[in-house]
Amino acid sequence: MNDYIVDSRARVILLAKLLYEKTDESRGLTADQIIEELQKQGMKSERKTLYKDIECLIQLGHDIVRYRRGKEVLYHIGARQFEIAELRILIDSVQASHFLTAGKTKKLIKKLERVASVSDAKNLENNVYISGQRKAANESIYYSVNDLHTAIVNDCKVSFQYFQWDVNKKAKLRHDGKAYEVSPWAMLFDHENYYLVAYDSDVGQMKHYRVDKMKNLSVLEEQRSGKEVFDQYDMSTFTQSIFGMFNGQVEHVRLRVRNDLAGVMIDRFGKEIEISDEHNETFIFETDVRVSDQFLGWVIAIGDGVEILSPESVRNQLRAIGNRLKKQY
C-alpha cells in the first residue's frame with residue numbers, strides 16, 4: 001500500500017483522537033496548536049493538509065466546530081456520543097451496582113471517562129466516590145449476564161448449578177448439586193439483582209433465578225423450548241406483581257389506602273393502577289400481587305396507612321404474621 005495513503009490515514013485518526021481528548025465546548029485549539037500537538041506525536045502536518053483532514057472528519061460524521069475568538073480561529077469537538085450529564089448517570093449506575101466487584105467498577109468508570117475530553121474526564125473523576133457499599137466478591141456474574149443474553153439471542157438452552165448461602169456463609173448447592181437445564185427467555189433487573197426468567201420443561205412453567213447464585217453456567221447447543229408459554233407470559237404484569245423476586249401465589253388484592261400514600265402506590269405498581277375514590281381521606285385500588293412474606297411485610301411497614309380489604313385468605317395470612325410477632329415479642 002502507498003506509504004502516503006498509510007500516513008494520511010494515520011494522521012486523520014491521530015487528529016480525531018487529539019480533538020476528542022483535548023477539546024470540548026469550553027476549550028478549542030488553533031491550527032498551529034493542532035499541528036504542534038501532532039508533531040509531538042511524530043506526525044508532520046501543514047495548514048493546507050490539516051484543513052483537508054478536518055474536512056475529511058466532518059464528512060465522516062464528526063461534529064467539528066470552527067469558531068473565532070478575537071483574531072484566532074479555533075476548532076473543537078461539538079456533539080459527542082455521550083453528553084457529560086449522560087456519562088454522570090452511567091457512572092453513578094455502575095458505582096451503585098452491587099453485582100459488580102470494586103475492581104470492575106473502577107475499570108468501567110475509567111472506560112466511561114475516556115469517552116469524554118481530558119478536562120471533562122478529570123471533572124468526572126473528581127466527583128466519583130467509590131463508597132464502601134456492598135459489592136460482589138467475584139466477577140463471574142459480569143460474564144454470566146453476557147452468556148445468558150447470548151443464549152437468548154441464539155435461541156439456546158443453558159445449564160448451571162444453583163446455590164444458596166448457609167449459616168456458615170458457605171455456598172450450598174441446591175438440587176443435590178445437579179445442574180439445572182432451562183430455556184432462557186428474558187433478563188430482569190430488580191432490587192439491584194439480575195434475574196433470569198426461564199422455562200423449566202420438567203414442570204412445564206416459567207421460573208426465575210438469581211444470576212449471582214449460578215455456578216458453572218454453560219450455553220448449550222440444544223434449542224430452547226417453552227415459546228408458547230412465554231408468549232402468554234405478561235412480563236409487565238409479572239414485574240409489577242413481584243416483591244424482591246420472592247415467589248408467592250398470585251392474588252387479586254383490594255386495598256384501602258390513605259390519600260397521602262398515593263405516590264407510594266404509584267411508585268410501586270405504576271400509573272396504570274385503577275384508583276377508586278372512597279371519601280376525602282382514603283382511596284381504594286386493586287392489583288394482582290404475588291403474595292409473599294415480602295409483600296405482607298411491606299404492608300405492615302406502611303402501618304395504618306393501608307388496609308387489605310380482600311381476599312380474606314390474604315387478610316388471614318397477615319393476621320397469622322401479627323399473631324406470630326405478638327408471641328415472639
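Arg11 is buried, with a relative accessible area of 7%. Buried here means under 20% relative accessible area, exposed over 50%, and partly exposed in between (1.4 Å probe, protein chains only). The model is predicted: local features need pLDDT of at least 70, side-chain atom pairs count only at pLDDT 80 or more, and totals for chains, interfaces and linings use all residues. Residues are numbered from 1 along each chain as its sequence is written, and side-chain values use heavy atoms, with hydrogens and water left out.

Arg11 forms a salt bridge with Asp53, with 2.5 Å between the closest N and O atoms. A salt bridge is a side-chain nitrogen of Lys or Arg within 4 Å of a carboxyl oxygen of Asp or Glu. Arg11 lies in helix α1 and Asp53 in helix α3 (residues 47–59), so the pair ties together parts that are 42 residues apart in sequence. Helices (H or I, at least four residues) and strands (E, at least two) are DSSP runs, numbered from the N terminus. Asp53 is buried, at 6% relative accessibility.

The salt-bridge count comes to 19. Lys40 is exposed at 59% relative accessibility, whereas Glu37 is buried at 16%.

A further salt bridge joins the side chains of Arg224 and Asp155 (2.7 Å, N to O). This pair links distant parts of the chain, 69 residues apart. Arg224 is in the loop between β9 (214–223) and α8 (227–231), and Asp155 is in the loop between α7 (140–153) and β4 (156–165). Arg224 is buried at 15% relative accessibility. Asp155 is partly exposed at 24%. Salt bridges also link Arg256, Glu307, Glu312, Arg315 and Arg319 in a network.

Asp24 has no salt bridge, yet is buried. The nearest side chain of opposite charge is Arg80, 5.5 Å away; Lys and Arg count as positive and Asp and Glu as negative, while His and the chain ends are not counted. Asp24 is found in the loop between α1 (3–22) and β1 (29–30). Leaving aside residues up to four places away in sequence, Asp24 touches His76, Ile77, Arg80, Ser117, Ser119 and Asp120. Contact means heavy atoms within 4.5 Å.

Two helix pairs were examined. Helices α4 (residues 84–96) and α5 (residues 102–113) pack at about 175°, with their axes 9 Å apart. Axes are lines fitted to C-alpha atoms, for helices over the stretch in contact, and angles run from 0 to 180 degrees between N-to-C directions. That makes α4 roughly antiparallel to α5. Angles under 35 degrees count as roughly parallel, over 145 as roughly antiparallel, 65 to 115 as roughly perpendicular and the rest as oblique. Leu87, Leu90, Ile91, Val94 and Gln95 of α4 meet Thr105, Leu108, Ile109, Leu112 and Glu113 of α5.

The axes of α11 (residues 293–302) and α12 (residues 312–328) come within 11 Å and cross at roughly 75°. Helix α11 is therefore roughly perpendicular to α12. Here Asp293, Leu296, Val299 and Ile300 of α11 meet Val314, Gln317, Leu318 and Ile321 of α12.

Overall, the protein has twelve helices and 13 strands. Of its 329 residues, 39% count as buried.
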